[in-house]
Amino acid sequence: MTKRLDLRVDFAFKSLFGTHGNESILAAFLNAALRFPDEKKIQTVQLLDPHFNKENQEDKRSILDVHAQLEDGSRVNIEIQLNNKHDMEKRTLYYWSKMYSSQMKEGMDYGELCKTITINIVNFRYLSHITNYHSAFQLYEREQKLLLTDMLEIHFMELPKLLIKWRNREVDPREDQLVRWLLLLEASEDEEITQVLEEIAMQEDQVLKKAIDEWERVSQDPEVLLAYEARRKALLDEKSALKRAENLGEKRGREEGRKETIKTMALGMIRKGLDNETISDLTGLSQEEINNLRH
């Protein structure tokens with residue numbers, strides 16, 4: 001069997017969930033993620049242009065992973081992130097605001113604006129104080145827990161937390177369709193997950209079967225593979241750059257801590273009446289630095 005694309009790479013994810021012809025796959029995922037009651041299940045979904053053009057020179061040009069519109073007009077964006085850039089909450093609010101405001105056309109009333117939802121699938125632990133792998137946020141009054149509006153909805157789905165629950169047999173893809181779809185993103189690296197999902201697809205889930213067949217097909221497409229490898233390399237380079245920056249920050253932090261300790265020691269010596277030369281010999285500080293501390 002051909003090695004399948006890693007669906008955690010945003011390009012591969014979009015090839016499966018954000019491509020025209022695969023709307024039924026996206027609808028099935030959204031039904032599982034948003035947990036609509038049976039009478040409100042999504043039947044059709046329309047893929048929208050993922051680009052937002054910049055409105056001014058300072059504005060960043062946004063490109064959404066998967067941008068879609070539901071039957072009731074609600075807008076949905078799905079973003080998948082391999083690397084933790086430590087800006088998720090600001091990033092998702094920015095994308096939410098762009099999607100919400102882009103609905104407004106000349107002559108429209110504010111009452112015509114539709115619900116806007118962002119879904120963030122992340123391959124790292126993000127909400128450390130929450131054990132659930134799926135968290136949903138809305139606008140509430142803090143004391144009374146009163147919902148202000150349902151126009152804003154932000155989801156985080158943390159794959160590492162789900163994998164822990166899967167290994168501990170705390171979740172079952174046969175019973176929970178969201179677990180089923182999220183585990184599909186991990187299947188390229190796990191034969192057991194692949195086998196379980198293929199059994200479910202053959203026995204009961206025709207849309208999942210379509211997704212696996214399409215995943216197999218795009219994994220053999222030379223043009224897709226070329227673009228996928230370029231994107232995967234860019235993400236690996238990005239991960240390395242983030243790690244280097246993190247290590248550099250830790251090194252600088254240790255150095256700053258060491259300098260502060262030396263300055264504290266020098267201040268103690270000054271209070272005890274030691275002269276500059278003695279303090280310099282003991283701490284390595286320059287005469288200028290010691291005089292600054294004296295002042």
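The model is predicted, and local features need pLDDT of at least 70, side-chain atom pairs count only at pLDDT 80 or more, while totals for chains, interfaces and linings use all residues. Residues are numbered from 1 along each chain as its sequence is written, and side-chain values use heavy atoms, with hydrogens and water left out.

With a relative accessibility of 59%, His86 counts as exposed (buried means under 20% relative accessible area, exposed over 50%, partly exposed in between; 1.4 Å probe, protein chains only). The C-alpha atoms of His86 and Tyr126 are 8.8 Å apart in space, the two residues being 40 apart in sequence. Ser188, in the loop between α5 (177–186) and α6 (191–203), counts as buried at 15% relative accessibility. Beyond its neighbours within four places in sequence, Ser188 is in contact (heavy atoms within 4.5 Å) with Lys3, Arg4, Leu5, Asp6 and Trp215.

The chain contains 10 helices and eight strands. Its radius of gyration, 26 Å, is well over the 19 Å that the globule rule gives for 295 residues, so the chain is more spread out than a compact globule; the radius is taken over C-alpha atoms, and the rule is 2.2 Å times the number of residues to the power 0.38. Along the principal axes, the C-alpha atoms fill a box of roughly 85 × 55 × 40 Å. Of the 295 residues, 42% are buried. Among contacts between residues at least 6 apart in sequence, 62% join residues at least 24 apart.

The second largest pocket has a volume of about 290 Å³. A pocket is an open set of points on a 1 Å grid over the protein atoms alone where a 1.4 Å probe fits, with protein on both sides within 12 Å along at least five of seven lines; lining residues have an atom within 4 Å of a point. The volume is the space filled by probe spheres set on the points, which are joined across faces, edges and corners. This pocket is lined by 17 residues, of which Asp10, Asp65, Ile80, Arg91 and Arg231 lie nearest its centre. At least two lining residues each come from α1 (10–17), β5 (75–81) and α8 (222–271). By class, the lining comprises nine charged, six nonpolar and two polar residues, where Asp, Glu, Lys and Arg count as charged, Ala, Val, Leu, Ile, Met, Phe, Trp, Tyr, Cys and Pro as nonpolar, and the others, Gly among them, as polar.

Definitions and conventions: Helices (H or I, at least four residues) and strands (E, at least two) are DSSP runs, numbered from the N terminus.
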